[in-house]
Amino acid sequence: MRTMAGQLLVCSESSDAKEGVYVYDEKLFRKEPSCGVYFMKQTVGNACGTIGLLHAVGNVASEINLVEESFLDRFFKSTANMDPLERAAFLEKDSEMEVAHSLAATGGETEVSENVDTHFICYTCVDGQLYELDGRKEGPISHGPSSHGSLLQDAAKVIQGVIRNNPDSVNFNVIAISKKSGEP
């Protein structure tokens, strides 16, 4: 059985000097995102991986079984009716997430650095549209029609455009978050 990606997290090079690399057609911003898109702003430095994962889980929370009263269950229930900035403020005040983030950031063998030149972005399909969710942006960016079955191919086209705009960079990674093979 083929495993289909449910969400994609993309890690690529990003610095203040290269911020202009991600240029999009203005009409993409004008399209009103589906009210079903879970999006939050990134207001905490070096938290793009956490924000990317929250975007990924937040857009499938109704399809997965979060453990009742777990951090993620409480977080998504508490922030469900908030706007993106309110969600960011809620996250900033959450000491449980801060501790978990710090433990994860310092738990590996790589030295933690404030000079981070990579950034995580989530790509997801909501209501038949491919959305790019980057907490640094003003809101979700629609990249047109998609489905859960074509998410990987549809997002790959967008990601290839980013790679073309950064021909000297080898810092691109894609993480697919999906159901286990054989799960409905």
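A: Let us begin with a definition: a contact means heavy atoms within 4.5 Å. The model discussed here is a predicted one.

Q: Which residues of H2 and H3 meet?
A: On the H2 side they are Leu54, Val57 and Gly58, and on the H3 side Leu72, Phe75 and Phe76.

Q: How is the packing of two helices described?
A: In general, one gives the angle between the two axes and the distance between the axes. For H2 and H3 the angle is about 75°, and the axes are 11 Å apart. Angles of 65 to 115 degrees count as roughly perpendicular, so H2 and H3 are roughly perpendicular to each other.

Q: What secondary structure does the chain have?
A: The chain has six helices and five strands. Read from the N terminus, the order of the elements is β-α-α-α-α-α-β-β-β-α-β.

Q: What share of the contacts in the chain with a separation of 6 or more comes from residues 24 or more positions apart?
A: Such residues account for 67% of those contacts. As for burial, 41% of the 184 residues in the chain are buried.

Q: Which aromatic residues form one cluster?
A: The cluster consists of Tyr38, Phe71, Phe75, Phe76 and Phe90. The count of aromatic pairs comes to four. One of these pairs joins Phe71 and Phe75, with 5.7 Å from centre to centre and 25° between the planes. Planes under 30 degrees apart count as stacked, and the pair of Phe71 and Phe75 is stacked.

Q: Where do Phe71 and Phe75 lie?
A: Both lie in helix H3, four residues apart, which is about one turn of the helix. Phe71 is buried, with a relative accessible area of 15%, and Phe75 counts as buried at 1%.

Q: What lies over the face of Tyr38?
A: Arg87 does, at 3.9 Å from the ring centre of Tyr38.

Q: Why can charged side chains pair?
A: Side chains of opposite charge can pair when their charged atoms come close. In this structure, a search of the whole model finds five salt bridges.

Q: Which residue forms a salt bridge with Lys41?
A: The partner is Glu138, and the closest N and O atoms of the pair are 3.9 Å apart. This pair links distant parts of the chain, 97 residues apart: Lys41 is in the loop between helix H1 and helix H2, and Glu138 is in the loop between strand E3 and strand E4.

Q: Is Lys41 buried or exposed, and is Glu138 buried or exposed?
A: Buried means under 20% relative accessible area, and exposed means over 50%. Lys41, at 12%, therefore counts as buried, whereas Glu138, at 69%, is exposed.

Q: Which residue forms a salt bridge with Arg74?
A: Glu96 does, with the closest N and O atoms 2.5 Å apart. Arg74 belongs to helix H3 and Glu96 to helix H5, so this pair too links distant parts of the chain, 22 residues apart. Arg74 counts as partly exposed at 31% relative accessibility, and Glu96 counts as partly exposed at 39%.

Q: What is the relative accessible area of Asp134?
A: The value for Asp134 is 0%, and the residue is buried. Asp134 forms a salt bridge with Arg136, the closest N and O atoms being 3.1 Å apart. Arg136 is partly exposed, at 28%.

Q: Which residues are linked in a network of salt bridges?
A: The network links Glu68, Asp73 and Lys77.

Definitions and conventions. Residues are numbered from 1 along each chain as its sequence is written. This is a predicted model: local features need pLDDT of at least 70, side-chain atom pairs count only at pLDDT 80 or more; totals for chains, interfaces and linings use all residues. Side-chain values use heavy atoms; hydrogens and water are left out. A salt bridge is a side-chain nitrogen of Lys or Arg within 4 Å of a carboxyl oxygen of Asp or Glu. Helices (H or I, at least four residues) and strands (E, at least two) are DSSP runs, numbered from the N terminus. Buried means under 20% relative accessible area, exposed over 50%, partly exposed in between (1.4 Å probe, protein chains only). Rings of Phe, Tyr and Trp (its six-membered ring) pair if their centres lie within 6.5 Å; planes under 30 degrees apart count as stacked, over 60 as edge-to-face and the rest as tilted. A charge sits over a ring if NZ of Lys or CZ of Arg is within 6 Å of the ring centre and within 35 degrees of the ring normal. Axes are lines fitted to C-alpha atoms, for helices over the stretch in contact, and angles run from 0 to 180 degrees between N-to-C directions. Angles under 35 degrees count as roughly parallel, over 145 as roughly antiparallel, 65 to 115 as roughly perpendicular and the rest as oblique.
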